[in-house]
Amino acid sequence: MSGGVDSSVAAALLVEAGLDVVGVTMHLWDASGEAQVGRCCAPEDRDDAKRVADHLGFPHYVVDERDSFRAKVIEPFLASYGRGETPSPCVHCNKSVKMGFLTDLADRFGADTVATGHYARVERGDGGAVRLFRGRDYQKDQSYFLFGLAPKVLRRLEFPLGELEKTESRAEARRLGLPNADKPDSQELCFIPDGDVRAFAEREAGRTHAGRILSEDGTELGRHEGIEGFTVGQRKGLGLGGGPPRYVLKIVPESSDVVVGDVAGLRSSGLEAVDAAWPGGRPTGPFDAQVRIRYRHDPAPAEVTPTEDGFRVRFEEPQRAITPGQATVVYQGDEVIAGGFISKSAEE
C-alpha cells in the first residue's frame with residue numbers, strides 16, 4: 001500500500017469480497033539533505049495508507065527496506081546513467097526489492113497471496129503454469145514493469161484492478177468512501193519527485209560526468225554538466241540556443257560526449273536485449289510478436305529471436321529512439337512473452 005488510490009482500491013475490493021487482508025507499506029527511500037522526500041515514501045503517504053487500513057478495518061504495517069532499495073535500485077540506477085544508459089528502475093524494484101520480499105512476508109503472515117494495485121492480469125494453469133497479461137486499461141497497463149518476476153512469485157500475485165479502467169478505479173474509491181479517493185496520481189520516479197536526474201546523481205553519487213555536446217561530424221556545439229541529464233531522443237534542455245531542431249542520438253560514456261543531430265538519426269530497425277525473462281517459457285526459435293521499447297510506446301510488430309542471454313528484435317518498421325538500458329517487453333496479443341534490457345540498437 002503506497003498510500004495512493006490504486007493500492008487502496010485493491011485492498012478495499014478484497015475486503016468487500018470477504019477476504020482477510022493485511023496492509024503493508026514499504027519504506028524505501030528518504031531523500032538526503034534539503035531535497036524532497038520521494039512521493040511513494042513520504043510520511044503523509046504512509047499515513048494515508050494507514051488511514052485506509054483503519055477505514056477498512058484491517059491491520060497495517062510499515063517495513064523498512066531502505067538498505068535493500070539503495071543497494072538494488074539506487075546504486076544500479078546511478079551506475080547505469082554513468083554508462084550512458086537510461087535505466088528502468090521500477091522494473092528492478094519490482095523484481096529485486098518488492099515482490100519477492102512481499103511473498104516471503106506473506107508466508108510469515110500465513111497469507112496465501114500478495115495483492116497490489118498494478119494494472120495487469122495473471123492466469124494460472126495446470127501444473128503451476130502462470131501467464132502474465134496486460135491490464136484492460138492500456139493507458140495504465142503496468143505489465144511492462146512486471147516481466148522480470150520469477151514464476152514462483154508471479155503465481156502468488158493478485159491484481160484486483162487488472163480488469164478495471166483507471167476511471168472505474170477512481171469511482172470505486174469514492175463508492176467505498178476511501179479517505180484518499182481524490183488524491184492525485186504521482187507521475188515521476190518515487191525517489192526523484194522533481195524529475196531532475198542530474199541533480200539527483202550529483203547529490204547521491206557526489207559527481208556527474210560532464211563533457212561536450214557534439215554534432216554527428218564531431219563539431220563541438222557546447223558543453224554539458226553531466227550525461228546523467230540526457231537520454232536518447234531528448235530534444236529539450238540541450239542548451240544549444242537557436243538553429244534547427246536537434247535530438248540526442250548517442251551518449252558516449254568513455255568521453256562523456258553527447259552526440260546530437262537530426263530526428264532521422266533516431267530511427268533503428270531493431271535491437272538486442274539482455275538479461276531476459278520468459279514468464280511462460282523460452283521459445284526455441286524466431287517468432288512474430290509486438291514489442292515495446294519504453295513504457296509509453298505502442299507495441300510495434302517485429303520478429304523476435306531468442307539468444308543466449310536475451311533476444312534480438314527486427315521491427316517491420318524502424319522505431320524511434322531505441323535507448324540502451326531501457327526495458328523492452330515482448331507481447332503476443334495481451335500476453336507478456338518476454339522482457340529484457342536494451343543493450344544496443346540496430347541501424348536502419
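R175 counts as partly exposed, because its relative accessibility is 46%. Please keep in mind that this is a predicted model. Let's stay with R175 for a moment.

Which side chain meets R175 in a salt bridge? That partner is E16, with N and O 2.9 Å apart. E16 sits in helix α1 and R175 in helix α6, so this pair ties together parts that are 159 residues apart in sequence. What about the exposure of E16? With a relative accessibility of 46%, E16 is partly exposed, since that class runs between 20% and 50%.

Now, the two helices themselves. Two packed helices are described by the angle between their axes and the distance between the axes. Helix α1 covers residues 5-16, and helix α6 covers residues 166-175. Their axes come within 9 Å and cross at roughly 60°. That angle makes α1 oblique to α6. Is the crossing left-handed or right-handed? For α1 and α6 the crossing is left-handed.

Let's look at the contact. From α1 we have V5, D6, V9, L13 and E16. They meet K166, S169, R170, E172, A173 and R175 in α6. Sorted by class, this contact of α1 with α6 has six charged residues, four nonpolar and one polar.

Helix α3 spans residues 66-82, and helix α7 spans residues 197-205. Here the axes come within 11 Å, crossing at roughly 115°. α3 passes α7 in a left-handed crossing. On the α3 side, the contact residues are R70, I74, F77, L78 and Y81. On the α7 side, they are V197, F200, A201, E204 and A205. How many of these residues are nonpolar? Eight are nonpolar, two are charged, and there are no polar ones.

Next topic: salt bridges. Side chains of opposite charge can pair when their charged atoms come close. How many salt bridges are found in the whole structure? The search gives 27.

Take D48 and R51. Their closest N and O atoms are 2.7 Å apart. Both residues lie in helix α2, residues 43-56. They are three residues apart, about one turn of the helix. D48 is buried, because its relative accessible area of 14% falls under 20%. R51 is partly exposed, at 40% relative accessibility.

Then R203 and E204. In this salt bridge the closest N and O atoms are 3.9 Å apart. R203 is partly exposed, at 36% relative accessibility. E204 counts as buried, at 16%.

Where is Y144? Y144 is in the loop between β5, residues 130-134, and α5, residues 151-154. Is Y144 buried or exposed? Y144 counts as buried, because its relative accessibility is 2%. Leaving out residues up to four places away in sequence, Y144 touches S88, V91, R292, I293, R294, Y295, Q326, A327, V329 and Y331. For T167, the picture is one of separation: Y144 and T167 are 23 residues apart in sequence and 20 Å apart in space, C-alpha to C-alpha.

T305 is in strand β13, residues 300-306. T305 is buried too, with a relative accessible area of 15%. Setting aside residues up to four places away in sequence, T305 touches P286, F311 and R312.

Last stop: backbone angles. Most residues other than glycine have a negative phi. D275 has a positive phi of about 50°, and D275 is not a glycine. D275 lies in strand β11, residues 267-277. At 36% relative accessibility, D275 is partly exposed.

A321 is another residue with a positive phi, near 60°. A321 is in the loop between β14, residues 310-320, and β15, residues 327-332. Why does A321 count as buried? Its relative accessible area is 6%, which is under 20%.

That's my tour. Thank you.

Key:
Residues are numbered from 1 along each chain as its sequence is written. This is a predicted model: local features need pLDDT of at least 70, side-chain atom pairs count only at pLDDT 80 or more; totals for chains, interfaces and linings use all residues. Side-chain values use heavy atoms; hydrogens and water are left out. Axes are lines fitted to C-alpha atoms, for helices over the stretch in contact, and angles run from 0 to 180 degrees between N-to-C directions. Helices (H or I, at least four residues) and strands (E, at least two) are DSSP runs, numbered from the N terminus. A crossing is left-handed if the near helix is turned anticlockwise from the far one by less than a right angle, and right-handed if clockwise. Contact means heavy atoms within 4.5 Å. Ala, Val, Leu, Ile, Met, Phe, Trp, Tyr, Cys and Pro count as nonpolar, Asp, Glu, Lys and Arg as charged, and the others, Gly among them, as polar. Angles under 35 degrees count as roughly parallel, over 145 as roughly antiparallel, 65 to 115 as roughly perpendicular and the rest as oblique. A salt bridge is a side-chain nitrogen of Lys or Arg within 4 Å of a carboxyl oxygen of Asp or Glu. Buried means under 20% relative accessible area, exposed over 50%, partly exposed in between (1.4 Å probe, protein chains only).
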